[in-house]
Amino acid sequence: MTSERVDPRVPAARECVLRYVLDRHASERGSKVFARLADGTEWTFAEVHARTLEMGAALQDVGARQDDLVLSFMPNGGDAMLAWFGINYIGAACVPLNTAYKGKMLEHALNLARARVLVCHPALAERIKEVDARYLTDVVIAGEATGVDLGERVRVHALADLLARGTQVQPLAHAIAPWDLQAVIHTSGTTGPSKGVMVTYAHLATTCNAFESLTSEDRTMASLPLFHSGGIVAVNRMVLKGGSVAIVESFSTSTFWDVIRETGTTCLTLLGSMAPFLMKAAPSPRDRSHPLRQVVMMPLIDDAVQFGERFGVQVYTTFNMTETSWPIFSDPNPGVRGTCGKARKGVEARIVDANDCELPPNTDGELILRTDAPWTMLAGYLNDPSATAAAWRNGWFHTGDILRCDGEGNFFFVDRLKDAIRRRGENISSFELENEVMQHALVREVAVVGVPSEFGEDDVLAVVALREEAKLDPAELLQYLIARVPYYMVPRYVRYVRELPKTPTQKVQKATLRAEGVTADTWDREKAGIVVRRDVIPNTNKAKR
């Protein structure tokens, strides 16, 4: 390994390559706890290092080699983390698969990677048998492998048997560089088949630049899956900082603070409806009795200041994608309503029109990005040159998201390009309208989509899931919104559902809702006789007689 820094803007290999960082931590802080698992088990850096070497040697025994792509099909937990670490330790790139994948979605992901080796949980192995995995030759079962038969072409190995051999990990063929692939992370697939985002070590390490306040004394809760960029970034960040992680299976409002206290978590990310769920819970004398000191909200809720004061935490917000490295980040406790922060150091961010021409402040347009250091955003989409070329146009990465930026450099998320609604000459942000609907105490989650109008353009449909056992008349919800949003944003249609349709990464499938459109159980305010009128502003400029 070389410790030389080729470019001062690119992290040195010893600072960002997982193999070298784990080696260093095992030597310098081996007795410190790094990982706390859901069952309370704790692993020190020395234990994680030893288990990682064993996993790497097992993978080499079945044919995995440096620079290969190796698949992981594992639920959250210690084994999923060790599979990732072992793959990286031998210089291969980890391709984690969403544990909800099955059928054609699973087949697409397997064949996109063209990988020969897969680490798999035994409960998921049957799904592999049901698809045409054309490139797969060896599957390592992390558990009981008896009775697992994947056909003549695929060899099945029990991880316990491989570990029992006591094989030593083989040396690298060459040093691992910051620009080598660390992972391929799949997008959520909201607008088409999931794409594989090629992520380098430098890319993942650069995400730490947005988290300067975290130290080796912090513990992050990894509540997002280790096939999701949020889960991967959370764990990798603490590896690089020498901190620790609490790996939990999922987020639960009812047990959230108990888990925070039990795990000693000091920092975490709250996505989507997580923060509103916590705010809507009844106040408790123990609201400040916990070790949590920092949360990152995506998006920033309207009562973020009250959230920070109630729970005694610093609140940050951000804009990020799997393809980027937390390019926009806020100061603590941002006072600007609805912001997602400012461009961090080393990032250029522009708001542009359809021709990539920069727009003036406070104008909605597509956010495009680039960094001043190489390899610190996606290296491309795996085996998809056309998608890579489409995203990287004119030297900038095109996010596909509509944002605006004020004169002070504060960015505001408006909508996905494909989700924007046009109603009778007015542009409507589904994101902003969803935020307003979510403020109602009985609303658990909501998705707003445009549906065809008989007058051309769109009408607005709000698809709402209420809190458990709650009842809310659609007309009452409309009156609530009429007092809060411009007249043209008030939905014409309201539809109640038990759950919103979601992708395996828990993003709402708006394409499904648009395709379903106005269903038989959808409420129509026009049929109900509710008229929403434009506010009349008195003319104060009448000529004097």
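1. Asp459 and Arg492 form a salt bridge, with 3.1 Å between the closest N and O atoms (the cut-off being a side-chain nitrogen of Lys or Arg within 4 Å of a carboxyl oxygen of Asp or Glu). Asp459 sits in strand β25 (residues 458-466) and Arg492 in the loop between α15 (474-482) and β26, so the bridge ties together parts 33 residues apart in sequence. Helices and strands here are DSSP runs (H or I, at least four residues, for helices; E, at least two, for strands), numbered from the N terminus. Shared partners put Arg423, Asp459, Arg492, Asp524 and Glu526 into one salt-bridge network.

2. Are the two partners buried or exposed? Asp459 is buried at 0% relative accessibility, and Arg492 is buried too, at 7%. The scale: buried is under 20% relative accessible area, exposed is over 50%, and partly exposed is in between (1.4 Å probe, protein chains only).

3. Before going on, the ground rules: this is a predicted model, where local features need pLDDT of at least 70, side-chain atom pairs count only at pLDDT 80 or more, and totals for chains, interfaces and linings use all residues. Residues are numbered from 1 along each chain as its sequence is written, and side-chain values use heavy atoms, with hydrogens and water left out.

4. The whole structure has 25 salt bridges. One of them joins the side chains of Glu434 and Lys510 (2.7 Å, N to O). That pair links distant parts of the chain, 76 residues apart: Glu434 is in helix α14 (residues 430-438) and Lys510 in helix α16 (residues 510-516). Both Glu434 and Lys510 are buried.

5. Glu499 pairs with Arg444 in another salt bridge, at 3.5 Å, N to O. Glu499 is in the loop between β26 (493-496) and α16, and Arg444 in strand β24 (residues 443-452), so this pair ties together parts that are 55 residues apart in sequence. Glu499 is exposed, at a relative accessible area of 51%.

6. Stepping back to the overall fold, the protein chain has 16 helices and 27 strands. Its radius of gyration is 25 Å, close to the 24 Å that the globule rule gives for 545 residues, so the chain is as compact as a globular protein of that length. (That radius is taken over C-alpha atoms, and the rule is 2.2 Å times the number of residues to the power 0.38.) The C-alpha trace spans about 95 × 55 × 50 Å along its principal axes, and 54% of the 545 residues count as buried.

7. Have a look at Met55, in helix α3 (residues 45-61). Met55 is buried, at 5% relative accessibility. Leaving out residues up to four places away in sequence, Met55 touches Leu82, Ala83, Gly86, Leu159 and Leu163, a contact being heavy atoms within 4.5 Å.

8. Now the backbone. Most residues other than glycine have a negative phi, and most peptide bonds are trans. Met298 and Pro299 are joined by a cis peptide bond, with omega about 0°; Pro299 is in the loop between β13 (294-298) and α12 (304-311).

9. Asp356 has a positive phi, near 65°, and lies in the loop between β17 (347-352) and β18 (365-371). Asp356 is buried at 16% relative accessibility. For Glu469, phi is also positive and near 65°, but Glu469 is exposed at 76%, in the loop between β25 and α15.
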